[in-house]
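Thanks for coming. I have one structure to walk through today, and I will keep it brief.

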Amino acid sequence: MDSVEAEVAELRSTLQHANERLEKLDKRITDSNKRICEDQIIIDEDLTRLDLIDRAKKHLHWGRLKSRTLDAGNGLFADSCWNMCLDIYICGLKGERVTVSAIAHSSGIPMTTAMRYINVMVGQGLITKTPNPADNRMIFVSTSEDCMNKIACLLSNSPL
C-alpha cells in the first residue's frame, strides 16, 4: 500500500508541475502581442512602423525644441547622440539610406564631433557604417538590429 501512495504522491507532484508550466505557457500566449525587453520593459507589438516613426519624430522635435529654448549656444541641453540615433532610426524605418554628412548636418553639430560620436556608437554596436559602392567617399550609417529593438522598446514606453 505504501508504494501505491508514493506513486500517487509522485503523480500529483508531476501534475502540479505540469499545471504550473501550462499556466506559464498560457500567459505567454495571452501576452503574445507584447515582448519584454531589458529591465522588464514591455513593448507593444501592435505598434506599427508608422507609430514608431511618429513617436521618434516627436522625441526628435522635443529634443530640438528643448535645446533651442534652453541652450545659449553652450550645448548643455542638447542630446546630440540621441538625436543622431533617432534620425538614423527614422530613416531606417522609412527604408531610406542616410549619410554621415546628412546626419551631422541635421544634428547641427560640427562634422568632426558627429564623426566622433558616430565612431563611438559604431564601437558600441549601436550603428553600422557602410561605404557607398557608387562613391567610396560617401559613408552610409544605419542603426543595428539590436539598437532598433532597444529604440522600439523606449518608444513603446514613451509618454510622448
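First, the ground rules. This is a predicted model, in which local features need pLDDT of at least 70 and side-chain atom pairs count only at pLDDT 80 or more, while totals for chains, interfaces and linings use all residues. Residues are numbered from 1 along each chain as its sequence is written, and side-chain values use heavy atoms, with hydrogens and water left out. Helices (H or I, at least four residues) and strands (E, at least two) are DSSP runs, numbered from the N terminus.

Start with helix α4, residues 100-107. Which of its residues are buried? They are Val100, Ile103, Ala104 and Ser107. Buried here means under 20% relative accessible area, exposed over 50%, and partly exposed in between, with a 1.4 Å probe and protein chains only. Looking down the axis of α4, these buried residues fall within an arc of 100°, so they line one face of the helix. That arc is taken from the directions from the helix axis to the C-beta atoms. The elements covering them include α2 (49-70), α3 (80-94), β3 (98-99), α5 (111-123) and β5 (135-143). Just after α4 comes Gly108, with a positive phi of about 75°.

Now the strands. Two strands pair if DSSP finds at least two bridges between them. β5 pairs with β3 in the antiparallel sense over two bridges, and Val98 has Val141 of β5 as its bridge partner. β5 also pairs with β4, residues 127-132, again in the antiparallel sense, over six bridges. β4 and β5 form a hairpin, with two residues between them.

Is Thr143 buried or exposed? Thr143 is buried, at a relative accessible area of 11%. Leaving aside residues up to four places away in sequence, Thr143 touches Cys85, Ile88, Tyr89, Leu126, Ile127 and Met148; contact means heavy atoms within 4.5 Å.

Last, the helix pair. α2 and α6, residues 145-156, pack at an angle of about 80° with their axes 10 Å apart. Axes are lines fitted to C-alpha atoms, for helices over the stretch in contact, and angles run from 0 to 180 degrees between N-to-C directions. α2 and α6 are therefore roughly perpendicular to each other, a term covering 65 to 115 degrees. Leu52, Arg55, Ala56 and His59 of α2 meet Ala152, Leu155 and Ser156 of α6.

Note on methods:
Angles under 35 degrees count as roughly parallel, over 145 as roughly antiparallel, 65 to 115 as roughly perpendicular and the rest as oblique.
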